[in-house]
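Dear colleague,

Please find below the structure I promised to hand over. My notes on it follow.

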Amino acid sequence: MLKIKKSLLEQIKKQSEEGYPYEICGFILGKIDYKNNVRQAVEVIQVENQNKERANDRFEISPKDYMKVEDYADKNNLQIVGIYHSHPDHPDRPSQTDLLYALEDLSYIIVSVEKGKAVSYKSWYLKDGKFEEEVVSDED
């Protein structure tokens, strides 16, 4: 389960719309309760999509950005609890490429953006090598 404030979801949706027709991406920071498989989000940080050749249907996060966000999280007693990205004119389900780079224990929010408008989102997590949709508790 992912617990995330509505305001953070709104930030992700806004970034997704602003980035259209290209995929945007970023990190979700917070705390992970491994025992109960719950990720509590407290902050989101957008990073630049490094995939310039296929930015309309792929995203890539640079190792430098990953390290920078990980350092920031450590300094603020937080963890990377997930990654988000948009799917321009495509459903909010993971692609085969998303599966290739996914890590267990993280949430993956995907926002479907149609004609510049965020129309839906879902969150996924990796279990036994497959994505499963997870419950999102959008609290205030």
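In strand S4, Gly82 is the bridge partner of Ile28. S4 (residues 79-88) and S2 run antiparallel and are joined by six bridges; two strands count as paired if DSSP finds at least two bridges between them. Strands here are DSSP runs of type E with at least two residues, and helices are runs of H or I with at least four, numbered from the N terminus.

This is a predicted model, in which local features need pLDDT of at least 70 and side-chain atom pairs count only at pLDDT 80 or more, while totals for chains, interfaces and linings use all residues. Residues are numbered from 1 along each chain as its sequence is written, and side-chain values use heavy atoms, with hydrogens and water left out.

S2 also runs antiparallel to strand S3 (residues 38-47), to which nine bridges join it. Gly26 has Gln46 as its bridge partner in S3. The hairpin of S2 and S3 has four residues between the strands, and Asn37 takes a positive phi near 55 degrees there.

Glu104 is found between helix H3 (96-101) and strand S5 (107-114) and, at 47% relative accessibility, counts as partly exposed. Asp128 lies between strand S6 (117-127) and strand S7 (130-134) and counts as exposed at 68%.

Yours sincerely

Technical notes
Buried < 20%, exposed > 50% of the residue type's maximum accessible area, 1.4 Å probe, protein only.
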